Amino acid sequence: MDSKILNFYAFNSARYEVVKDKWNDVNLEIYYHKGHEFNLDRMMKGMKASLDYNSKNFSPYQHKQLRIVEFPRTGGGFAQSFPNTIPFSEAIGFIADVDDTKEGGVDYPFAITVHEVAHQWWAHQVIGADVLGATMLSESASEYVSLKVLEHQQGKSKMRKFLKDALDRYLLSRTTETKREKALMYNDGQGYIRYQKGSLVFYALSDYIGEENMNNALKKYVEKVKFQEAPYTTSIDMVNHFRAATPDSLQYVIKDMFETVTLYRNRIVDVTSTELDNGKFEVEIEFNVSKYRNDEKGKRYYGEKVGDTISYKTDKMNKPILSVPLADYIDIGIFTEVEVDGEKNEIELYLKKHKITNINNKITIIVDEKPTEVGVDPYNKLIDTQSEDNRRRL
Ligand SMILES: [Zn+2]
């Protein structure tokens, strides 16, 4: 190497074919097993997209080349990012049969490549101390980059499938936790926290405070700590950079997402739509918003500290619903469908964050076209214990 690197590298040896390309002055190479050409284009595209996003938003790429090196699936089904070199299992990219026409499908050779290349920043420039929360700096940040690149490529409205998948995997995995679940910034390294919860939280924060603002905060952080030697940085430093970039009205988001284990229980209760004389539609939506916190062992509480409770409010059936006091900004969405070439496409008629201070809410919104579906947090950006009832068809 011609620069300092982590003492962390891989040996790979095989009879390889090589495909080469360039990104600015950087040599891009994929070393692959002859016959495994299926997804080389997707992976090459992923290398470029990740180099673009990370270098544009955070700091320059530090090496003169970037290499992906195939290894057989008998060695495992993973990819791992070493300085400028990424061993990549045939099982998770090279021999994947990606069908772009299938609704709900994910181009994972592309998405995984973006994630692994992002580690050149988030593990190899920002090197976390070996303490609780360290994987937030590497895995959550790399997964965030992967989601943002997908968002730029596919559009915001296609993100629900990625977010809902992450949410469902987080919710399912936490039910089998046998040790303890700590907040994201102090997590114990569990995969479902550092990947699934981490990607949701980083994505939601970029939605709340703006992608540019969030990336500027990350850029300042990278400038401060990159290629640092001991004592290494921790998640506290990264979260402080987020906090500084977050307005007062949204500081609760930092507490909920990073510092505590906070879960929403949002749902549509009722919806009606009436056509008006002028051809527009009046949509009346009744919905609940509530949230609770869990301590490490999964015990619920509703205040600032473990053990705190608050007085409860009742829903319209007079059943009590508890919640942490609310002053939360929540997306309310109204959608319609248009058919193009026999395929139904969802169109946003309305999407806006509303400030919610009550558990029970009723709002009226006027839209230009006939709505077919409404939702509270309809894209599942928030951690919600039951995401299925966030939307209701009319
Ligand atoms: Zn990773």
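Me: Over how many bridges do strand 8 and strand 9 pair?

Reply: This is a predicted model, in which local features need pLDDT of at least 70, side-chain atom pairs count only at pLDDT 80 or more, and totals for chains, interfaces and linings use all residues. Residues are numbered from 1 along each chain as its sequence is written, and side-chain values use heavy atoms, with hydrogens and water left out. Strands (E, at least two residues) and helices (H or I, at least four) are DSSP runs numbered from the N terminus, and two strands pair if DSSP finds at least two bridges between them. Strand 8 and strand 9 are antiparallel, and the number of bridges over which they pair is two.

Me: Which residue in strand 9 is the bridge partner of Asn294?

Reply: Strand 9 covers residues 300-301, and strand 8 covers residues 291-294. The bridge partner of Asn294 in strand 9 is Arg300.

Me: In what order do the three strands of that open sheet lie?

Reply: Strand 5 and strand 9 stand at the edges with a single partner strand each, so one side of each has no neighbour in the sheet. Strand 5 pairs with strand 8 in the antiparallel sense over four bridges, and Thr262 stands opposite Arg293 in strand 8. The pairing in this open sheet is antiparallel, and the order is 5-8-9.

Me: Which residues of strand 5 point the other way from Val261 and Leu263?

Reply: In a regular strand the side chains alternate between the two faces of the sheet. All of the residues in strand 5 (residues 261-264) are buried, where buried means under 20% relative accessible area, exposed over 50% and partly exposed in between, with a 1.4 Å probe and protein chains only. Val261 and Leu263 point one way, and the residues that point the other way are Thr262 and Tyr264.

Me: Which residue in strand 7 does Thr272 stand opposite?

Reply: Another open sheet has three strands in the order 6-7-14 with antiparallel pairing, and its edge strands are strand 6 (267-275) and strand 14 (360-367), each pairing on one side only. Strand 6 is joined to strand 7 (residues 281-288) by eight bridges, and the two run antiparallel. Within strand 7, the residue opposite Thr272 is Glu284.

Me: Which residues coordinate the zinc ion?

Reply: Donors are N, O and S atoms within 2.8 Å of the metal (3.2 Å for Na, K and Ca), and water is not among the atoms, so sites may look incomplete. The spacing of the donor residues in sequence is H-x3-H-x19-E. His119 lies in the loop between helix 2 (108-118) and helix 3 while Glu139 lies in helix 3, so the pair ties together parts that are 20 residues apart in sequence. At 2.0 to 2.1 Å, the coordinating residues are His115 (NE2), His119 (NE2) and Glu139 (OE).

Me: At which residue does helix 3 bend?

Reply: The expected span of a helix is 1.5 Å times one less than its number of residues, and for the 21 residues of helix 3 (residues 134-154) this gives 30 Å, which agrees with end C-alpha atoms that are 30 Å apart. Helix 3 is mostly covered, with 16 of its 21 residues buried. A bend is the angle between axes fitted to the seven residues ending at a residue and the seven starting there. In helix 3 the bend is about 25 degrees, at Ser140.

Me: Is Asp377 buried or exposed?

Reply: Asp377 lies in the loop between strand 15 (373-376) and strand 16 (391-393), and its phi is near 45 degrees, a positive value in a residue other than glycine. Asn380 is in the loop between strand 15 and strand 16, and has a positive phi of about 55 degrees although it is not a glycine. Because its relative accessibility is 1%, Asp377 counts as buried.

Me: How far apart do the C-alpha centres of domain 1 and domain 3 lie?

Reply: Domain bounds come from an automatic or database domain assignment, which divides the protein chain into domain 1 (1-125), domain 2 (129-259) and domain 3 (262-393). The distance between the C-alpha centres of domain 1 and domain 3 is 40 Å.
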